[in-house]
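Me: I would like to learn how to read a few features of a protein model. Please show me the structure before we start.

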Amino acid sequence: MEPADIGVTHADKHDDGTHFVEDATADGPAAPTLGQVLLAAEELWPESLAENWDEVGLVAGHPSAPVTRVMFAVDPTLTVIEEAVEWGAELLITHHPLLLKGVTSVAATTAKGQAIHRLIESGTALLTVHTNGDSAVGGVSDVLADALGLEGVAPLTVAANGLPEEGIGRVGDLADVMSLGDFAARVFGILPSVAGGVRVSGDRDGLVRRIAVCGGAGDSLFSEVRANNADVYVTADLRHHPVSEAREAAVNGRPYLIDVSHFASEWLWLPAAASALGNVLADQGHDVEIQVSTTNSDPWDFILTPG
């Protein structure tokens with residue numbers, strides 16, 4: 001899947017590497033400030049939708065700084081940050097937080113400290129859109145459900161501070177009944193290529209139609225999956241004991257389970273999110289170039305399998 005390029009901005013660099021816009025008012029719309037981009041992001045992915053344990057929002061950056069280029073990525077790794085800096089992005093938007101847990105130092109002697117230093121020294125802001133991006137309409141699980149061809153989609157858990165269609169996970173129906181094997185092949189086909197592939201628990205020839213999905217780690221939602229009578233549950237990071245217990249509690253073998261890469265399940269959202277932000281900014285009269293990171297931040301490099 002190719003990166004998303006949205007918009008064109010007339011930008012150049014100062015000697016210190018920061019960006020400025022040339023003749024913005026004469027040639028077309030001016031670049032927005034970071035603060036204006038944050039307002040657009042809040043319109044799409046309200047921070048009120050974030051889970052209470054989560055840390056979302058602006059991590060680094062000055063709200064008055066101009067933004068001409070924005071990059072989206074799943075993880076704020078050093079490689080991703082370097083890609084954003086080299087491309088000239090003034091704002092990096094990642095799904096996963098850099099500072100989810102408290103720290104007592106951001107010295108450059110640690111990986112997180114190096115990340116913070118590189119962001120600040122390069123003038124690159126960092127915005128986290130995590131569980132608010134999961135829950136919002138058009139969020140991670142919505143995109144996953146749409147890519148799988150689900151109809152009549154609804155949240156697995158309705159957001160406490162959102163609309164009825166907002167919440168974590170989604171459940172819906174395929175247009176036609178499929179075998180579990182064929183459906184698993186569809187899942188494999190829509191995801192970016194990663195070392196771990198797709199793991200399946202269930203009868204390959206079993207027929208399925210009602211599908212539950214949760215981008216990222218979703219093994220806390222088994223009760224909701226069962227309550228929605230899903231034939232299959234597609235999520236990531238499924239661990240031995242929750243899966244074993246789910247199989248023991250299964251009725252007629254269901255729900256079948258499909259375990260995918262955490263990174264891959266959430267990467268699908270990036271082009272959609274980039275397009276959505278670009279549309280909001282364009283409607284507000286702003287001119288910004290938006291791109292999706294080409295870095296595969298899945299942490300696994302290869303896998304060995306029997307046979």
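Me: Which backbone nitrogen does the side chain of S265 reach?

Reply: This is a predicted model, in which local features need pLDDT of at least 70 and side-chain atom pairs count only at pLDDT 80 or more, while totals for chains, interfaces and linings use all residues. Residues are numbered from 1 along each chain as its sequence is written, and side-chain values use heavy atoms, with hydrogens and water left out. A polar contact is a pair of N or O atoms within 3.5 Å; within protein, one must be able to donate a hydrogen and the other to accept it, and residues adjacent in sequence count only if both atoms are side-chain atoms. Here the side chain of S265 reaches the backbone nitrogen of G216 at 2.9 Å.

Me: Is S265 buried or exposed?

Reply: Buried means under 20% relative accessible area, exposed over 50%, and partly exposed in between, with a 1.4 Å probe and protein chains only. S265 has a relative accessible area of 1%, so this serine is buried. S265 sits in helix α10 (residues 262–267); helices are DSSP runs of H or I with at least four residues, numbered from the N terminus.

Me: How do helices α3 and α4 pack?

Reply: Axes are lines fitted to C-alpha atoms over the stretch in contact, and angles run from 0 to 180 degrees between N-to-C directions. Helix α3 (residues 78–87) and helix α4 (residues 111–122) pack at about 10°, their axes 10 Å apart. That makes α3 roughly parallel to α4, a label for angles under 35 degrees.

Me: Which residues of α3 and α4 meet?

Reply: Contact means heavy atoms within 4.5 Å. From α3 come L78, I81, E82 and V85, and these meet A111, Q114, A115, R118, L119 and S122 of α4.

Me: What does the side chain of S122 make a polar contact with?

Reply: With the side chain of T124, at 2.8 Å. S122 counts as buried because its relative accessibility is 16%.

Me: Which residues touch the most other members of the largest nonpolar core?

Reply: In soluble globular proteins, nonpolar side chains tend to be buried together. A nonpolar core is a set of buried Ala, Val, Leu, Ile, Met, Phe, Trp, Tyr and Cys residues joined through side-chain atoms within 4.5 Å. Here the largest one has 55 residues, and F72, F183 and L277 touch the most other members. Helix α11 (residues 269–283) gives the most to this core, with seven residues. Beyond its neighbours within four places in sequence, F183 is in contact with residues including L148, M178, V208 and I258.

Terms used
Helix = DSSP H or I, 4+ residues; strand = E, 2+ residues; numbered from the N terminus. Parallel < 35°, antiparallel > 145°, perpendicular 65-115°, else oblique.
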